[in-house]
Amino acid sequence: MSTIALLNCFSYVDGHDFTADTNQANLAMEAAALDRTTFRSNKWAELAAGLKSSTFDESGFFQAGDGQVDPEVFNRLGQRNRVHTFGPEEVEGGPAYMWKAGQFTYSLLGTIGEMAPFSVQAQGTDSVGVVRGRLAKALGDVSATGVLGSPVNLGAGAEGEYLYLTFHVFSAGTSISVKVESASDQAFTAPTDVASATLGPITAAGGTWMSRIDASAFTDPWYRLNVVACTGTFSVAAALAIQ
């Protein structure tokens, strides 16, 4: 991926699309630097990595209508393990960062004569941390069964790696179920169902973090989503990763 201008970042949190609310976003990941310097360190500090953490800041324009940023953040302030998917370009196949976090800091309103701002800060709340994958389905509607989004190249799995899936429903019809398929080629000439990688039926807006699946035996590099059942129209987005 070449150097880019930030024109269409995306930010999905559970069942809310913050993309249309924000104009600034920053994901910071850190491993604590622990000092292990001794008198034998030749006058140089020696450091070791400690606990990792993540912080996500986003800010934009305050709105308080039904389903907009104020009730979305205020009513869920402090909730743990909200599903986050974020990336620099809302393009299927592009990088996507996936993690579970709580929105613990919320600031709103500002100066007379200016657009009313808001800012929210989320911090990681589980031991999986941040996973880097690919955007498999950019926000859009689906109302029928079949392939969802675009194939993404995640590479083959390895010992100690897992398959991850985040699935966001922003508006819900009656019911939807999806599965993950893999293949040796981008055309999916001979697709294979990934065992246990099925979500649903999902019947309401929200975010789903699929229980991670051991990827050590995965040899296919290509992965995609397939809708196996759908009643009504759903607005959805999804990301996949092997890490």
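Author: Let's start with E181, which is buried, as is R224; buried here means under 20% relative accessible area, exposed means over 50%, and partly exposed is in between (1.4 Å probe, protein chains only). This is a predicted model, so local features need pLDDT of at least 70 and side-chain atom pairs count only at pLDDT 80 or more, while totals for chains, interfaces and linings use all residues. Residues are numbered from 1 along each chain as its sequence is written, and side-chain values use heavy atoms, with hydrogens and water left out.

Back to the pair: E181 and R224 meet through their side chains in a salt bridge, 2.7 Å from N to O. The term covers a side-chain nitrogen of Lys or Arg within 4 Å of a carboxyl oxygen of Asp or Glu. The partners sit in distant parts of the chain, with E181 in strand β11 (residues 175–183) and R224 in strand β15 (residues 222–231), 43 residues apart. Strands (E, at least two residues) and helices (H or I, at least four) are DSSP runs, numbered from the N terminus.

Now for the sheet around that pair. It is open, has four strands in the order β9-β15-β11-β12, and its pairing is antiparallel. At the edges are β9 (146–153) and β12 (192–202), each of which pairs on one side only. From one strand to the next, the twist averages 20 degrees; axes are lines fitted to C-alpha atoms (for helices, over the stretch in contact), and angles run from 0 to 180 degrees between N-to-C directions. Two strands pair if DSSP finds at least two bridges between them, and β9 and β15, running antiparallel, are joined by five. Take G146, whose bridge partner in β15 is V227.

What about other charged pairs? The structure holds eight salt bridges. One of them joins D14 to R82, with the closest N and O atoms 3.1 Å apart. D14 lies in the loop between β1 (10–13) and β2 (16–17) and R82 in strand β5 (residues 82–87), so this pair ties together parts that are 68 residues apart in sequence. Both D14 and R82 are buried.

Another salt bridge runs between D126 and K100, whose closest N and O atoms are 3.4 Å apart. This one also links distant parts of the chain: D126 is in the loop between β7 (117–124) and β8 (131–142), K100 is in strand β6 (residues 95–108), and 26 residues separate them. D126 is partly exposed because its relative accessible area is 22%, whereas K100 counts as buried because its relative accessibility is 17%.

For contrast, look at D70, in helix α1 (residues 69–74). D70 is buried yet has no salt bridge, and the nearest side chain of opposite charge, R76, is 11 Å away. Lys and Arg count as positive and Asp and Glu as negative, with His and the chain ends not counted. Not counting residues up to four places away in sequence, D70 touches F62, Q63, A64, N75, Y106 and L108; contact means heavy atoms within 4.5 Å.

Strand β10 (residues 162–171) is worth a stop too, being mostly covered, with eight of its ten residues buried. It pairs antiparallel with β14 (residues 213–214) over two bridges, where L163 stands opposite I213. Between β10 and β16 (residues 234–242), also antiparallel, there are eight bridges, and T166 has A239 as its partner in β16. Then comes β13 (residues 206–209), antiparallel to β10 over four bridges, with H168 opposite G207.

Last, V131 has its place in strand β8 and counts as buried because its relative accessibility is 0%. Leaving out residues up to four places away in sequence, V131 touches A96, Y97, M98, Y164, W209, A241 and Q243. The C-alpha atoms of V131 and T208 are separated by 15 Å, with the two residues 77 apart along the chain.
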